[in-house]
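Here are a few notes to read alongside the model.

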Amino acid sequence: MVTIPRLVIAAPASGSGKTTVATGLMAAFTQRGLAVSPHKVGPDYIDPGYHSLATGRAGRNLDAYMCGPELVAPLFAHGARGCDLAIVEGVMGLYDGASGQGELASTAHVAKLLQAPVVLVVDASSQSRSVAALVHGFASWDPEVRISGVILNKVGSDRHEMLLREALDESGVPVMGVLRRAEQVATPSRHLGLVPVAERRGDAVSAVAAMGAQVGAGCDLDALMALARSAPRSPAGSGAWEPVEAVRGAVAGGGACDAVVPLPGPSRNLGSGARTPDGPESGGPDGPGRGRPVIAVAGGPAFTFSYAEHSELLAAAGAEVVTFDPLRDVALPEGTRGLVIGGGFPEVYAPELSANEPLRKAVADLAAAGAPVAAECAGLLYLSRSLDGLPMCGVLDAEGRMSKRLTLGYREAVAITDSALAAVGTRLRGHEFHRTVLEPGAGSAPAWGMHLPERRVEGFVQQGVHASYLHTHWASAPGIARRFVGRAAE
């Protein structure tokens, strides 16, 4: 693995300002002309959108629960390839991991896997000398976690800053930045966290610019860069993760599909807001766009939840990946042979999605023809008969509605029905993240049997459709992409 300067931005607890500081640092270093690789610990889809806006690169997740600890460093190296600096935003408090699993998937765990120095963001709004005890406790809790700097957030005045600095002088952890309270960097939230970039792009651009300006002015960027350069070579085993090799390895190890399609394949862009994932633009033996099944991937403001590696794996498995916007496009991309509809906020855009009758019919017709369709969470709701009383695609005999209850957490699941996505017995780790309810929650052929946090069946498999609330990361099981593209090619 090529050594890359790197920092992990952590905090004692959620709400301390990690996203503001991490995104601001990404923007500030990008403004200096550096190629900055953005990363987020955990399954969160929304923060990486702001990271991408700040850096111009795909925001990528590092999740030791869903992908396994052994893939964290290779996935990091894949995303950071060719960059001058990598910044990793943590999740929750520094030592908070998967429930009941110790340090697994915590920011501290990922920092150790990457051998990266940690900068602790502390909300200092209601403390002075006590900040030294807090920082000392976090720095001494796990000697393998290298807390090398502190950024003080929400500092009230010059006097307040002086008291904080005096206290921290005794802690041995240097202050690398001080940020005052600033309304212009605030980002609006709703029932699942921050409002995604795709829904407020103009305002988001302004907010990210304000974060970059505030963090650039309040932090010692030279000291932070020197700290990032002090990171040793990361133990990534065989090196950076490669989508083509991952797919080939899955096939060699008993992959789920025997259909032969060219490897690798590129992506192209059609429809509104389309975007090609990072990666080479080389084609297969027939040249770009020939001999590869078109896989349509839903995007736009209603479907913003996706991992960059999914499109990369589909392309590596031989697909031509084309994004489209169900809010604006009245037809699926030309030649569509398979459909991927990820997560997002269909409940916010239910009237617009319902009003697009031509696309709803196209989706229903594709599913009825037996084409492979993979739908997660928002995609599940979009395929249902209705959402909050408004007609959806009608592929599934189920109805969705908003709920006051937040369903959130990691899950362990096993495929209990053979599908275009997974063979019976396939075991995966994923997560749920929604405030909606689907009735019924499972069809006559359920997609998954859940083992955590409780035993239940969930989701729908019918013809080529696999629809579920469960979010998965395909890098942990690249045979999924090979199987899905193979079904589309049949």
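1. A definition to begin: a polar contact is a pair of N or O atoms within 3.5 Å; within protein, one must be able to donate a hydrogen and the other to accept it, and residues adjacent in sequence count only if both atoms are side-chain atoms. The model is predicted, so local features need pLDDT of at least 70 and side-chain atom pairs pLDDT 80 or more, while totals for chains, interfaces and linings use all residues. Residues are numbered from 1 along each chain as its sequence is written, and side-chain values use heavy atoms, leaving out hydrogens and water.

2. With that in hand, look at Arg401 in strand E16 (residues 399-415); strands (E, at least two residues) and helices (H or I, at least four) are DSSP runs numbered from the N terminus. The side chain of Arg401 makes a polar contact with that of Glu439 at 3.0 Å. In sequence Arg401 and Glu439 are 38 residues apart, and their C-alpha atoms are 8.6 Å apart.

3. Next, the open sheet: seven strands run in the order E3-E2-E4-E1-E5-E6-E7 with parallel pairing, where two strands pair if DSSP finds at least two bridges between them. The edge strands, each pairing on one side only, are E3 (60-62) and E7 (175-180). E6 (residues 147-155) and E7 share four bridges, and Leu152 has Val178 of E7 as its bridge partner.
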